[in-house]
Amino acid sequence: MALALTACGPATPDGTGTAGAPTAASAALTPILAASELVVGPNRVPLGVVRSGTPLNDPNLKLHLRFFYLEGPEAEQTKVRTEADAVYRGQGLPFGLYVAYPTFDKPGTWGIEAQMSVDGSA
């Protein structure tokens with residue numbers, strides 16, 4: 001089973017994306033999948049999050065994941081198959097670990113869309 005990962009990071013007030021060079025406060029958040037094997041059925045999907053190359057360890061980070069099955073007709077590829085909020089599990093670690101528990105109903109290529117916010121900013 002393969003996964004593709006995309007992220008929704010901070011946007012400018014007009015919603016067009018980050019303008020100019022990002023500052024430390026507004027730099028895009030990048031999710032990093034920390035699993036080597038996912039299977040049909042229940043899964044544990046651990047993710048790390050980095051900002052400007054630095055791992056975050058923030059229990060206030062909100063991470064919502066949407067999962068898409070990327071094989072078959074195009075109309076099916078845009079359909080959300082399951083969603084999950086990731087739970088913070090980074091207490092005592094040098095980096096934050098955020099874990100979600102989706103169930104995949106078939107083998108193949110799955111995509112993940114990550115929606116993240118820190119301190120109320122998307």
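In what sense do β4 and strand β9 (residues 98-100) pair, and over how many bridges? The two strands run antiparallel and are joined over three bridges; strands count as paired if DSSP finds at least two bridges between them. Strands here are DSSP runs of E with at least two residues, helices are runs of H or I with at least four, and both are numbered from the N terminus.

Residues are numbered from 1 along each chain as its sequence is written, and side-chain values use heavy atoms, with hydrogens and water left out.

Confidence comes next. The predictor's confidence in each residue is given as pLDDT, from 0 to 100. Its mean over the protein chain is 81, and 76% of the residues reach 70 or more. Among the elements of the chain, β9 has the highest mean pLDDT (97) and strand β1 (residues 2-8) the lowest (53). Over residues 7-26 the pLDDT stays under 50. For that stretch the model has 26 contacts beyond four places in sequence, a contact being heavy atoms within 4.5 Å. Where pLDDT is low, the predicted coordinates should not be read in detail.

Back to β4. Six of its seven residues are buried, so β4 is largely enclosed by the rest of the structure; buried means under 20% relative accessible area, exposed over 50% and partly exposed in between, with a 1.4 Å probe and protein chains only. Strand β2 (residues 29-33) also pairs with β4, in the antiparallel sense and over five bridges. In that pairing Leu29 has Arg51 of β4 as its bridge partner. A further antiparallel neighbour is β5, joined to β4 by two bridges.

β4 and β5 form a hairpin with two residues between them. Ser52 lies in the loop between β4 (45-51) and β5 (54-55). Its phi is near 55°, a positive value in a residue other than glycine. Ser52 is exposed, with a relative accessible area of 58%.

The aromatic side chains give another view of the fold. Rings of Phe, Tyr and Trp (its six-membered ring) pair if their centres lie within 6.5 Å; planes under 30 degrees apart count as stacked, over 60 as edge-to-face and the rest as tilted. By this rule there are four aromatic pairs. Phe67 and Phe104 form an edge-to-face pair, 5.5 Å centre to centre with 70° between the planes. This pair links distant parts of the chain, with Phe67 in strand β6 (residues 62-69) and Phe104 in strand β10 (residues 103-104), 37 residues apart. Both Phe67 and Phe104 are buried.

Why is the pair of Tyr69 and Trp110 edge-to-face? The ring centres of Tyr69 and Trp110 are 5.2 Å apart and their planes stand at 65°, so the pair falls in that class. Tyr69 is in strand β6 and Trp110 in strand β11 (residues 109-117), 41 residues apart. Tyr69 is buried, with a relative accessible area of 9%, and Trp110 is buried at 0%. Phe67, Tyr69, Phe104 and Trp110 form one aromatic cluster.

Notes:
Predicted model: local features only at pLDDT ≥ 70, side-chain atom pairs only at ≥ 80, totals over all residues.
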